[in-house]
Amino acid sequence: MLKLVYEEFSRLFGNEKDSRCFFCPGRVNIIGEHIDYNGGYVMPCAIDIGTYFVIRKNDSSQVRAYSLQFPKLGLISFDINDKTKQKQWTDFIKGIISIFKIDFGFDVVVGGTIPHSSGLSSSASFCAGLAYALISIDNKTIDRIELAKQCRRVENEFMGVNCGIMDQFIVCVGKKDSAILLNCDRLEYEYIPFDLKDYALLIANTNKIRQLTDSKYNQRKQESEEILAILNNNGYSFENLCDIRDDMDKYLSLIDNEILKKRFRHIVSENLRTLKAAKALKEKDIITLGKLLTESHLSLENDYEVTGVELDTLVHAFLNEDDCLGARMTGAGFGGCAIAIFKKSRLVEVKEKVKKIYQDKIGYEPSFYEVSISDGVKEIEYHE
Ligand code: GLA
């Protein structure tokens, strides 16, 4: 992919002199779903599919940008002071220029290997990658946690997506062959070696065209805020729902709404599961890790209700196979990807079987990816 991006850069901008190359990974969340915005623990990994950039300053106030993913839009040019949104990929660039106060023009070509709508964080990958590249070509540096926080602001304040910090954090701070256990309230984290021994992490994409994802996501966030308000109106003063670690029944009795009760149950239990999963991963207890993944899915399916028939079909098809230690949806849900932990020797056969089950029920095929766990955003070299 880098080769393609590099060649496109020289074709569009005459030569590639002084240009620099950057890569920002995507991410897969192992466990800790829909609790980053509730101040909980999450355990994601950065992965080796992501976004590539070739970029240089152009001694003007113009941005000239081209994406290999949107070739029909061609080369897009605009002034760095132009903040008007045009409902296209370059709006993100305008958000980055605004939040990071970029005051120089640049030429950039972008190419990504994260499938569109897969829920593997192509937008965090794009945003953190471009912001890091711009800061680097301006001969400045930025703390990686600060980079993640500012990229979240681009999503929240400029793009109108009320996401939590998990995706931006992991693509900035990720480390090869490690998951991170991140406390999303205090932004404290630790690396845990991601070693599944004879097992592999399989990622399966539902290939569902996602619609309404943002509005349903925002609805869950709002429900969380309602629950927090109910508890605090009853004399508590919690900052986050994930501050609650025990006595779940005592709090449940204060919530007089069946849907909110279910949401609360997921949030509290998922946070505890994530801590248990981190312990299991540290102890290389892959069997326990797998069980926790499956419990997480059931909670997201039944209590948080963010899965849908496509993800449920994939996950239950995996779980019906021998040698599957656990499976769950990953990311925001409503489509996107599922993950499963399988004996390495069974992968080829399992993919064929699950593909058929899914195709028969849903009407189209899923895709499968085997990824490596990668470092966070970084500058890379291009060698012809
Ligand atoms: C999306 C958001 C994250 C997180 C997950 C669900 O990926 O961007 O902040 O909330 O959904 O865990």
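A: Domain 1 and domain 2 bury about 3,000 Å² between them, and 62% of that area is on carbon and sulfur atoms. Buried area here is the accessible area (1.4 Å probe) that two parts lose on being put together, summed over both. From the side of domain 1, Ile 31, Glu 33 and His 34 supply 21% of the area buried against domain 2, more than any other three residues.

A word on where this comes from: this is a predicted model, in which local features need pLDDT of at least 70 and side-chain atom pairs count only at pLDDT 80 or more, while totals for chains, interfaces and linings use all residues. Residues are numbered from 1 along each chain as its sequence is written, and side-chain values use heavy atoms, with hydrogens and water left out.

Now to the two partners. Domain 1 covers 2–193 + 374–380 and domain 2 covers 199–370; such bounds come from an automatic or database domain assignment. Their C-alpha centres lie 26 Å apart. The contact (heavy atoms within 4.5 Å) takes 32 residues from domain 1 and 41 residues from domain 2.

Glu 190 forms a salt bridge with Lys 282, with the closest N and O atoms 3.3 Å apart.

Which elements of domain 1 give two or more residues to the side that touches domain 2? They are strands S1 (20–29), S2 (41–42), S7 (178–183) and S8 (188–193). Helices (H or I, at least four residues) and strands (E, at least two) are DSSP runs, numbered from the N terminus. By class, this side of domain 1 has 16 nonpolar, eleven polar and five charged residues; Ala, Val, Leu, Ile, Met, Phe, Trp, Tyr, Cys and Pro count as nonpolar, Asp, Glu, Lys and Arg as charged, and the others, Gly among them, as polar.

Three strands form an open, antiparallel sheet in the order S2-S7-S8. S2 and S8 stand at the edges with a single partner strand each, so one side of each has no neighbour in the sheet. Two strands pair if DSSP finds at least two bridges between them, and S2 and S7 pair in the antiparallel sense over two bridges. Tyr 41 stands opposite Asn 183 in S7.

Definitions and conventions: Salt bridge = Lys/Arg side-chain N within 4 Å of Asp/Glu carboxyl O.
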